[in-house]
Amino acid sequence: MSNTKIPGLSFSWRRALGITKIKREFTKATGVPTTRGGIERKIGGAIVNAIFKKR
């Protein structure tokens, strides 16, 4: 979704404020995803590993 009427030109207030960079750095440092899909994948993987734990 773009706020401008010029094709190919968009503005992201999150990138302008540095939120994107902070989230990326947090994810790389901790290994905890910040997206909903990433969190769901990580939790799902942990549950599957707990159920089918190799002995």
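Helix α2 covers residues 19–30. At 1.5 Å a residue, its 12 residues should span 16 Å. The end C-alpha atoms are 16 Å apart, so expectation and model agree. The model is a predicted one. Just after α2 comes Gly31, with a positive phi of about 80 degrees.

**Overall layout**

The chain holds three helices and zero strands. Read from the N terminus, the order is α-α-α. Of the 55 residues in the chain, 4% are buried. The chain exposes about 5,500 Å². Carbon and sulfur atoms supply 61% of that area.

**Charge on α2**

Which residues form the positive surface patch? They are Arg15, Lys21, Arg24 and Lys28. Helix α2 gives the largest share of this patch, three residues. Lys21 sits in α2.

**From α2 to the loop**

Thr34 lies in the loop between α2 and α3. At 30% relative accessibility, Thr34 is partly exposed. Where does the chain bring Thr34 relative to Lys23? The two are 11 residues apart along the chain, and their C-alpha atoms are separated by 6.7 Å.

How many salt bridges does a search of the whole structure find? The search finds one. The partners are Glu40 and Arg36, whose closest N and O atoms are 3.1 Å apart. That pair meets the distance criterion because the limit is 4 Å between a side-chain nitrogen of Lys or Arg and a carboxyl oxygen of Asp or Glu. Side chains of opposite charge can pair when their charged atoms come close.

Both partners lie in helix α3, residues 36–51. They are four residues apart, about one turn of the helix. Glu40 is partly exposed, at 45%.

**The nonpolar patch**

A nonpolar patch on the surface is formed by Ile39, Ile43, Ile47, Val48, Ile51 and Phe52. Together these residues have about 600 Å² of accessible area. Ile39 is found in helix α3. At 36% relative accessibility, Ile39 counts as partly exposed. Patch residues need over 30% relative accessible area, so Ile39 passes that cut-off.

**Accessibility by residue**

The table collects the relative accessible areas of residues discussed above.

| Residue | Relative accessible area | Class |
|---|---|---|
| Glu40 | 45% | partly exposed |
| Ile39 | 36% | partly exposed |
| Thr34 | 30% | partly exposed |

Key. Residues numbered from 1 in each chain as written. Predicted model: local features only at pLDDT ≥ 70, side-chain atom pairs only at ≥ 80, totals over all residues. Heavy atoms only, no water. Helix = DSSP H or I, 4+ residues; strand = E, 2+ residues; numbered from the N terminus. Buried < 20%, exposed > 50% of the residue type's maximum accessible area, 1.4 Å probe, protein only. Areas by Shrake-Rupley, 256 points an atom, 1.4 Å probe, with all protein chains shown as cover. Expected span 1.5 Å × (residues − 1). Patch = residues over 30% accessible without salt bridge, like charges linked within 9 Å, V, L, I, M, F, W, Y side chains within 5 Å. Lys, Arg positive; Asp, Glu negative; His and termini not counted. Charge placed at Lys NZ, Arg CZ, Asp CG, Glu CD.
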